[in-house]
Amino acid sequence: MLRKLEEKDAPFMLEWMHDKEITAGFQRPFSQATLETVLSFIQNSFDEENQNFAFVNAEDEYLGTISLKHISHVNDKAEYAVVARKCAQGTGAAKKATEELIQYAFTELGLHKVYLSVLEENVRAQKFYEKCGFIKEGLEVDAVKINGVYHNHMWYGMITDSYTHLRAHETGAYLVC
């Protein structure tokens, strides 16, 4: 289930931000995050351009953050991002959250495209995105510099037509990851 981020999520967000395994491929140094910076992020986490949601379990416990960033109503597109706490990985929670977010993006926001980039070496994430219906669009060479080393980015996207096609071929939900 998706909901807006709340202050009570901050300690759980700090948990993944300070986990070196989870943030190893991130360009931003989340290890420097503090409770104050996370609370500030939560307070400013939802507007016309960036919409960050918590995905939660049945008890409303924060499992991770899923986002539409750089929302452009000029080009009808947004960037997708997701991160899950270690305890939520492998549970299907991020897959379900992705389904909900994609549906929201295309039906509620009326977007034409949702896109993402991922480090070329992050094969596990690429498989996840492909299972969720994202299509590989290309490679950006030396796209980001992490710890002094350049890394390639793989770009993925999903457009309205592919979303509609996936939804038409599934029963009860637009897709099963």
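I call a residue buried when its relative accessible area is under 20%, exposed when it is over 50%, and partly exposed in between, using a 1.4 Å probe and protein chains only. The model is predicted, so I kept to its rules: local features need pLDDT of at least 70, side-chain atom pairs count only at pLDDT 80 or more, and totals for chains, interfaces and linings use all residues. Residues are numbered from 1 along each chain as its sequence is written, and side-chain values use heavy atoms, with hydrogens and water left out.

**Entry: D9.** I found D9 in the loop between β1 (2-4) and α1 (10-17); helices (H or I, at least four residues) and strands (E, at least two) are DSSP runs, numbered from the N terminus. D9 counts as buried because its relative accessibility is 1%. Leaving aside neighbours within four places in sequence, D9 is in contact (heavy atoms within 4.5 Å) with R3, K4, A54 and Y62.

**Entry: α5.** Which residues of helix α5 (residues 123-131) are buried? I noted A125, Q126, F128 and Y129. They sit on the same side of α5 because they cover an arc of only 160° around the axis, taken from the directions from the helix axis to the C-beta atoms. On the other side of α5, R124, K127 and K131 are exposed. The cover over the buried residues includes β4 (77-84), α4 (93-108), β5 (113-119), β6 (135-146) and β7 (149-159). Just after α5, G133 has a positive phi of about 100°.

**Entry: cysteines.** I counted zero disulfides, taking a disulfide as a pair of cysteine sulfur atoms within 2.5 Å. For C87, the nearest cysteine sulfur is that of C132, 19 Å away. C87 is partly exposed at 46% relative accessible area, while C132 is buried at 0%.
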